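This report describes the structure shown below, beginning with the chain as a whole and moving on to its cores, its backbone and its aromatic side chains.

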Amino acid sequence: PVSMMFRVVAMVALGVGAVEVEFVVGSSPEVLRFDGESDLDALALRFVRDRGLRGGEGCASEACVAGLVASAMRQKLEGVEAVSRVSVSGAVYRRQGAAEVAAQAEEFATTVVPPPPRFVAARTRTVRAPCAPPYCEVDCAIADRNVEAAFADAFVASDPELSTLLRTWPAPRRCDEGGAIYPIFIGMPAEDFVDCVPRKYRGFQGGVREANAGDYAFGPSQEAEYKRAYREAYFGVTKKKAGWDCLRHYEIVASGAVPVFQGGLDGCPTSTLAHWPKELLRRIAREHAGSEESLSEKNIDRALLDAQGRYPSVAAGLLAFAKRRLTTVALADYVLETSGHANATKVLVLSSHPAPDYQRDMLIHGLRRRLGAGLVDFARPPHLYAPHAGSDPPPRNDEAAKAKLYGHGFTYAHRLRDDIIHVDRSDLERRIAAHEFDVVLFASVHRGMPFWPAVFAHYAPRDRIFVDGEDDHGWCRLSAVLRNEGFFFMRELPDGCPADLNLDLSLPRYQNFHGPFHEHDDDDVVPRQ
């Protein structure tokens, strides 16, 4: 079988509950029809097996490709719009990213960024802007702040898992040979966390999309209403999608609700979601939410939840924990501390693809909050930065811009500013050679690694960080190789260890501009397991 690529490009309704998905396999369209009664896993495996499909660097095996196909089918049934993240290989991202890197390099080479006025600090200070009622005020479930704090402290102290996660970071995966692999989490902006556990009005709240519908339940301008819906629920319903880690988990806990996983957490690998108290969440679902398999209003007793502070203790404890350990700043601290760069003041974050990427985007958010202008991000992800009134041409309407982003840009879009601080993205190859930065971080290794030859030549492995923030794809050659070239962080970290590969990354074949691996190298370096 040969390596093939596919992506979902269209979906049409074929009647009640039936859908048709068009895939592009190589250059030929293929149509797969199914409905809610279909055995999606079996249908996807047959589709992959009949066509002899194999994935690229991120998904080598037949089973992995079939899993991605089934995941795409399942998302269609749930009304999720097709996204290119379903691609088997990172080759498409790297091709697109190379063009973006070249365009931004040219742009920043000719752009003069004036230094900020003397009264503008290098670090940004964020305050609340006026907002539109009724979304600005929250009625707290516990009237006394000190009582809620006491509930939270007592709950955290009584739970060994939470206490351990507050004391130490999760352990890395260490194999017999090769470097360690560190778990990583997506994170949530600290400014999105509520100040107290809100008063509750219903048992459960689902996600951003309507069930079995093709549209979002909330429009691009309704992010506040979306999060208010979570605030009013005891439990926010979440689940594994294309990967176990998901921005929805963080939105739920930041809103003062308790996340429960539809279908449970039993299939989650040990080191995936390692920063979350998984055993506690399992226990909460069993004891308070009724059933992980059947999350329904009728399964919970609100009077019992509120009696003697049972639910408030759980919710307050989780909220307090998340504010300390699951923010984007905590994410930045974790990556820098774990790699031995806790005192870094200048960090270069390199990526090439401009599209939203939750792991990279939240890491940039946390580093910008922590370091201010000391973070240089290239290529610049345009959706992270707020359009400003003085720009030429003027910014597009925020709602129209966010409507085109994945998830309407909720929680991540337009949160940062780089127009009032001096962020110099020019002449990076020379500055890398001069070792201007304390550490270089490749924030999305599957989607491109710009300036890799320069970083490889001038930075030792102790000053290189690699992040694989993609959805669940199993082990791949990047897992096997890059863990020996620096600190390697992986979001969907499987159990076991990757096959050991010894590749000389100084060879010319690995020195292309936008990533260390050429597309045609897939078959001879991907570990076949």
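## Overall organisation

Of the contacts in the protein chain between residues at least 6 apart in sequence, 69% join residues at least 24 apart. The model is a predicted one. Its protein chain has 17 helices and twelve strands. Buried residues account for 55% of the 529 residues in the chain. The accessible surface of the protein chain is about 22,700 Å², and carbon and sulfur atoms contribute 51% of that area.

In soluble globular proteins, nonpolar side chains tend to be buried together. Here the largest nonpolar core has 73 residues, and those with the most contacts inside it are Val335, Val347, Leu367, Leu441 and Phe489. The element that gives the most to this core is helix α10 (residues 310-325), with eight residues. A second, separate core has 27 residues, including Phe437, Trp452, Tyr459 and Leu478.

Valine 347 illustrates the surroundings of one of these core residues. Leaving aside neighbours within four places in sequence, valine 347 is in contact with Leu336, Leu367, Leu371, Gly374, Leu375, Val376, Phe437 and Val439. Among these partners, Leu367 is also listed with the residues that have the most contacts inside the largest core, whereas Phe437 is included in the second core.

## Backbone features

Most residues other than glycine have a negative phi, and most peptide bonds are trans. The peptide bond from phenylalanine 378 to alanine 379 is cis, with omega near -5°. Alanine 379 belongs to the loop between β9 (375-378) and α13 (398-403).

Aspartate 427 has a positive phi, near 55°, and is found in the loop between α13 and α14 (428-433). Phenylalanine 451 also has a positive phi, near 65°, and is placed in the loop between β10 (439-442) and α15 (452-458).

## Aromatic pairs

The model contains 20 aromatic pairs. In one of them, the ring centres of phenylalanine 108 and phenylalanine 378 are 6.3 Å apart and the planes meet at 65°, so the pair is edge-to-face. Because phenylalanine 108 lies in helix α3 (residues 91-109) and phenylalanine 378 in strand β9, the pair ties together parts that are 270 residues apart in sequence. Phenylalanine 108 is buried, with a relative accessible area of 10%, and phenylalanine 378 is buried as well, with a value of 1%.

Tryptophan 452 and phenylalanine 466 form a tilted pair, with 5.8 Å from centre to centre and 55° between the planes. This pair links distant parts of the chain, with tryptophan 452 in helix α15 and phenylalanine 466 in strand β11 (residues 464-468), 14 residues apart. Both tryptophan 452 and phenylalanine 466 are buried.

## Aromatic cluster and charges over rings

One aromatic cluster is formed by Trp169, Tyr182, Phe185, Tyr334, Phe487 and Phe489. The ring of tryptophan 169 has the charged end of arginine 325 sitting over it, 3.7 Å from the ring centre. The ring of tyrosine 385 likewise has a charge over it: the charged end of arginine 425 is 5.6 Å from the ring centre.

Methods:
Residues numbered from 1 in each chain as written. Predicted model: local features only at pLDDT ≥ 70, side-chain atom pairs only at ≥ 80, totals over all residues. Heavy atoms only, no water. Core = buried A, V, L, I, M, F, W, Y, C linked by side-chain atoms within 4.5 Å. Buried < 20%, exposed > 50% of the residue type's maximum accessible area, 1.4 Å probe, protein only. Helix = DSSP H or I, 4+ residues; strand = E, 2+ residues; numbered from the N terminus. Contact = heavy atoms within 4.5 Å. Areas by Shrake-Rupley, 256 points an atom, 1.4 Å probe, with all protein chains shown as cover. Phe/Tyr/Trp six-rings, centres within 6.5 Å; stacked < 30°, edge-to-face > 60°. Lys NZ or Arg CZ within 6 Å of the ring centre and 35° of its normal.
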